[in-house]
Amino acid sequence: MIVVEGVRFTYSGGVEALRDVSLTVKDGEFVAIMGQNGAGKTTLVKHFNGLLKPSKGTVRIDGVETTKTSIAKLSRTVGFVFQNPDHQLFSETVEEEIAFALKNFGFEEEVIQKQITWALNLLSLTQYRKTSPFMLSGGERKRVALASVLAWDPQILIMDEPTIGQDHEQKEKLRQFIVQLQAQEKTVVIVTHDVEFVAECNPRVVLMKEGKIVADGKGKDILTNIEALAQSSIVLPQIAQIFTQLAPLGLSRNVIDIYEAKDILLQAWEKRRT
Amino acid sequence: MSVFDGLKFRKVYSPIHNLDPRIKFIYVCAVFVAAILFGSILPLSALFLMQLPFVFLARVQRQWLRSLRGALFLAVFIFFTNFIFSFINAGYVIVASNVEFAAAMTLRFVVLVESFSVFFLTTSPDLLGLALEESHVPYEFSFAFTTAVRFVPVLAEEAQTIMDAQKARGLELEKGNFMKRIRNYIPVLIPLIVSAIRRSLELAEAMESRAWGATKKRTNLYGLTLHKGDFVLLGITMAILVVAVYVLLFVPVPTLTKLFL
């Protein structure tokens with residue numbers, strides 16, 4: 001469980017990136033943190049594994065205050081996948097890249113092999129086991145970076161902009177993959193600008209602006225709240241846009257899911273015919 | 001990274017920032033030469049104090065202090081090596097002049113850092129490139145130079161992100177003995193170098209698609225012209241050099257040890 005209480009954070013340059021943020025993420029929850037550039041999203045999630053320590057307030061992971069433990073210890077529970085895979089890939093083969101963290105955490109050789117196979121399989125990278133990560137495409141490198149974190153099976157997974165540079169098929173795989181993690185009761189936190197992706201996943205959405213949380217609730221409610229989104233310079237998901245324009249027909253505006261949209265439209269159509 | 005912070009240019013409007021970079025560079029060189037000419041505390045202190053008005057006029061005290069703090073480690077190192085060698089030279093006895101000599105050498109280093117720091121803090125990389133260009137340095141070189149200067153802070157920031165990414169995978173940079181600690185930095189250095197190379201290739205492509213090197217003679221939007229302040233600084237520079245040479249030739253500079261002991 002992640003408990004953030006009254007956190008303020010000021011960068012050494014004097015920029016105040018978080019202004020009194022409080023947030024609780026329960027075990028097994030799926031949260032998308034959204035907001036415009038510079039809203040403090042990445043700064044906030046960097047507090048979850050202790051990369052940043054609050055200037056004021058507390059962050060507790062499973063009851064342990066992040067200031068009282070090391071990043072390495074926290075990382076065992078909190079996996080953090082950075083936005084740019086090129087900021088972490090350095091090994092000669094994909095296999096070694098994935099083994100890096102496992103070795104750091106002191107896993108046994110057998111377990112390491114097993115976990116590598118498992119992670120590669122999970123992200124359909126098995127064929128690249130012996131390939132240099134630098135030879136892979138951008139999307140593949142991103143998956144290697146993800147695999148290298150998933151390999152130690154952290155209870156909480158944080159992903160910064162996971163959909164950037166991924167084609168639609170990979171995004172869909174990522175979504176299914178998050179669903180799978182949810183089934184295992186893992187906590188997933190993503191930081192993203194990708195409204196359509198969030199609409200498809202329909203997680204809890206936390207909206208940030210200028211270092212504060214301005215809205216927090218079900219994806220369906222936040223992503224159809226025009227005022228809240230406009231404040232954070234986020235456009236409505238396409239389905240919500242359609243239903244906003246259809247509002248004069250008396251249809252619900254609170255729709256972001258394709259299947260739900262289809263049902264509502266079908267019903268409306270049937271009603272008109274009869 | 002604090003040394004880099006102390007050299008990073010920030011846009012401020014001050015009489016020092018508006019000076020012509022060429023003249024400022026000549027000034028820095030003059031201070032450099034003067035610092036090398038003298039090896040005792042009094043003239044070096046004078047050189048040190050002479051820079052302070054520039055620092056305050058340019059309103060860069062904080063960054064300037066940071067650059068000095070960044071140089072602290074090297075300064076201490078210089079003090080002790082000089083002290084040890086003069087200690088050995090003097091026949092393994094500690095005398096006041098040993099300490100004074102080591103202090104003077106350290107002060108010389110501080111003066112050099114101080115003047116370069118003021119120069120880089122108050123001169124934008126663009127102006128610097130322009131100055132090089134107008135001094136008939138081929139544009140390829142001046143561009144490479146300005147780009148290098150400009151990318152230092154970018155690389156420093158990137159190094160920080162990479163360190164964070166690897167720490168998030170359980171890397172503990174401070175762990176282990178000396179050799180182990182050096183090896184700990186491999187996962188940071190490789191991504192840093194790879195991404196620098198990648199960035200430079202991208203930059204090259206972007207430049208070529210914007211007609212880099214299409215004409216022999218490039219024109220500039222802003223040219224460099226000398227103003228009153230520049231001539232004043234040039235005068236000060238000349239004065240420093242003249243006084244320095246005069247003092248060196250005709251005025252015996254007393255050491256503190258001789259003055260007080």
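This is a predicted model: local features need pLDDT of at least 70, side-chain atom pairs count only at pLDDT 80 or more; totals for chains, interfaces and linings use all residues.
How far apart do the C-alpha centres of domain 1 of chain B and domain 2 of chain B lie? They lie 30 Å apart.

## Domains and the places where they touch

In chain B, the domain assignment gives domain 1 as 2-123 + 225-255, while domain 2 covers 138-208.

Which residues do the touching inside chain A? Eleven residues of domain 1 of chain A are in contact with ten residues of domain 2 of chain A.

## The sheets of chain A

Chain A has an open sheet of four strands in the order β2-β1-β4-β5, with antiparallel pairing. Its edge strands, each pairing on one side only, are β2 (16-25) and β5 (64-65) of chain A. Within this sheet, A:Glu5 stands opposite A:Thr58 in β4(A).

Now look at β6 (residues 78-81), β7 (residues 156-160) and β8 of chain A. Strand β7(A) has parallel links to β6(A) and to β8(A). Here is a quick list of strand pairs in chain A:

| Strand pair in chain A | Bridges | Direction |
|---|---|---|
| β1 (residues 2-10) and β4 (residues 56-61) | Five bridges | antiparallel |
| β6 and β7 (residues 156-160) | Four bridges | parallel |
| β7 and β8 (residues 187-191) | Five bridges | parallel |

A:Val81 stands opposite A:Met159 in β7(A), and A:Ile158 has A:Val189 in β8(A) as its bridge partner.

How do the side chains sit on these strands? In a regular strand they alternate between the two faces of the sheet. In β6(A), A:Val78 and A:Phe80 point one way, A:Gly79 and A:Val81 point the other way, and all are buried. Strand β7(A) is mostly covered, with five of its five residues buried. On one side of β7(A) you'll find A:Ile156, A:Ile158 and A:Asp160, and on the other A:Leu157 and A:Met159.

Is helix α5(A) largely enclosed or largely open? Eleven of its 13 residues are buried, so α5(A) is largely enclosed by the rest of the structure. The buried ones include A:Glu140, A:Arg141, A:Lys142 and A:Arg143, along with A:Val144 and A:Leu150. Their cover includes β6, α3 (94-104) and α4 (109-122) of chain A.

Helix α5 (residues 138-150) of chain A has 13 residues, which at 1.5 Å a residue should span 18 Å; its end C-alpha atoms are 18 Å apart, so the two agree.

## The nonpolar cores

The largest nonpolar core has 84 residues. Those with the most contacts inside it are A:Ile33, A:Ala147, A:Ala151, A:Ile158, A:Val198 and A:Leu223. Take A:Ala151: leaving aside neighbours within four places in sequence, A:Ala151 is in contact with A:Ile98, A:Ala101, A:Leu102, A:Gln115, A:Ile116 and A:Ala119. Apart from this core lies another of 32 residues, and among them are B:Leu19, B:Phe101, B:Ala102 and B:Ala104.

## One loop residue in chain B

Last stop: B:Phe38, in the loop between α2 (21-37) and α3 (41-57) of chain B. Is B:Phe38 buried or exposed? With 21 other C-beta atoms within 10 Å, B:Phe38 is buried, because 20 or more count as buried. Setting aside neighbours within four places in sequence, B:Phe38 is in contact with B:Pro43 and B:Leu44. B:Phe38 and B:Val113 are 75 residues apart in sequence, and their C-alpha atoms are 16 Å apart in space.

Definitions and conventions. Residues are numbered from 1 along each chain as its sequence is written. Chains are lettered from A and ligands numbered from 1 in the order in which they are written. Two residues are in contact if their C-beta atoms, placed from the backbone, lie within 7 Å. A nonpolar core is a set of buried Ala, Val, Leu, Ile, Met, Phe, Trp, Tyr and Cys residues joined through C-beta atoms within 7 Å. A residue is buried if 20 or more other C-beta atoms lie within 10 Å of its own, exposed if 12 or fewer, and partly exposed in between; C-beta atoms are placed from the backbone. Helices (H or I, at least four residues) and strands (E, at least two) are DSSP runs, numbered from the N terminus. Two strands pair if DSSP finds at least two bridges between them. The expected span of a helix is 1.5 Å times one less than its number of residues. Domain bounds come from an automatic or database domain assignment.
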